[in-house]
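Please open the model in the viewer and keep the sequence at hand.

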Amino acid sequence: MKKGRIFSGMRPTGRLHLGNLMGALANWVKLQDDYECFYAVVDWHALTTGYEDTSMLRQNVREVVMDYVAAGVDPERSTVFRQSDVKEHAELHLLLSMITSLGWLERCPTYKEQLQQLSGRDITTYGFLGYPVLMAADILAYRASSVPVGEDQLPHLELAREIARRFNYLYGTVFPEPQAILNDVPVLLGTDGRKMSKSYGNTIQIASTPQEVRTAVQSMITDPARIRKTDPGHPEVCTVFGYYKAFAPELAAVRENECRNAEIGCVACKRQLADVIIDYLTPVWERRRTLETDPGALDDILDRGAARARSVAAATLAEVREAMKI
Ligand code: SF4
């Protein structure tokens, strides 16, 4: 007996990285046991900030699906699909946009933040402002009971709940108010100690080679106050230590003591971390390789996922049209 239904998705802006893996995908994999899961690659969302150059969009969708499956998302147990294959998302987005106040969207904290962060691009568009409405449509099309989110996405989920409440008040109850399932994994920083982001060039991709993992780990920023091996370290300010906590929590306690007591040098500490990450990723790489060498299997996952997602979303939309007398 499943506890409910989940929807989540990622934008296909390129290959996924270890932050995506530990911050979201590892959680998605666990949730498959207890929930009916819908995991989308949300390609329309990628257009909200990257509409000018779509040359890599299709390939990026494939890369993200390979990363999902490599991480352990099982297309036999979960519905893995491309958002644009299910046109019901677009119809629901349109209908929900009719009842969404502009003030709700303009007040969304991520809206102003992103306008500043992406100041080099023209994203003062209708589509970008309405991004949270599309997100609400994604979730509500499946009448998802829960959504796994990071803390930074809570305002978007609250907006989806607000839109569901307004719809139910105006037309009768069709949607449940989706609840958050908060990811409890510590946030992984980029190799330079800043927020992990493709635009900073500080990520480690899931699809990296072992040598790329070693090179990236060796370049990580450590405790700046630790100059000699004999200096006691402060693991709480060290990027490397954050990775130990995520990938090998039992080993993290050992490293913490060794670092504080100056019993290990940073080079050795990093070398061992690279081994830990490579061990963790070895089965992930094997699953990815299977799909890389069999494009037909990937097409099959997307086709089956789209058919399953469409049937559920179509049933919701039939009720929505009925409720709205359309
Ligand atoms: S020993 Fe390890 S945890 Fe301590 S500062 Fe060096 S890299 Fe960081």
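Begin by selecting Glu88, His89, Glu91, Leu92 and Leu95 in H4, which meet Arg310, Ala313, Ala314, Leu317, Val320 and Met324 in H14. Two residues are in contact here if their C-beta atoms, placed from the backbone, lie within 7 Å. By class, this contact of H4 with H14 has seven nonpolar, one polar and three charged residues. Ala, Val, Leu, Ile, Met, Phe, Trp, Tyr, Cys and Pro count as nonpolar, Asp, Glu, Lys and Arg as charged, and the others, Gly among them, as polar.

The model is predicted: local features need pLDDT of at least 70, side-chain atom pairs count only at pLDDT 80 or more, and totals for chains, interfaces and linings use all residues. Residues are numbered from 1 along each chain as its sequence is written.

Now display the whole of helix H4 (residues 88-97) and helix H14 (residues 295-324), whose axes are 10 Å apart and pack at an angle of about 30°. H4 is therefore roughly parallel to H14. Helices (H or I, at least four residues) are DSSP runs, as are strands (E, at least two), numbered from the N terminus. Axes are lines fitted to C-alpha atoms, for helices over the stretch in contact, and angles run from 0 to 180 degrees between N-to-C directions. Angles under 35 degrees count as roughly parallel, over 145 as roughly antiparallel, 65 to 115 as roughly perpendicular and the rest as oblique. H4 passes H14 in a left-handed crossing; a crossing is left-handed if the near helix is turned anticlockwise from the far one by less than a right angle, and right-handed if clockwise.

Next, colour the chain by domain: domain 1 covers 4-188 + 295-324, and domain 2 covers 208-288. These bounds come from an automatic or database domain assignment. The C-alpha centres of domain 1 and domain 2 lie 33 Å apart. Eight residues from domain 1 and seven residues from domain 2 form the contact. On the side of domain 1 that touches domain 2, the largest share, four residues, comes from H3. That side divides into eight nonpolar, no polar and no charged residues.

Select helix H3 (residues 57-71) together with helix H13 (residues 266-292): their axes are 8 Å apart, at an angle of about 140°. H3 is therefore oblique to H13. The crossing of H3 with H13 is right-handed. Met66, Val69, Ala70 and Ala71 in H3 meet Val284, Arg287, Arg288, Leu291 and Glu292 in H13.

Which residues are closest to the ligand? Select Gly233, Cys238, Cys259, Cys266 and Cys269, the closest of the 14 residues that surround the ligand. The largest share, three residues, comes from H13. By class, the shell divides into eight nonpolar, two polar and four charged residues.

Definitions and conventions:
Near = placed C-beta within 6 Å.
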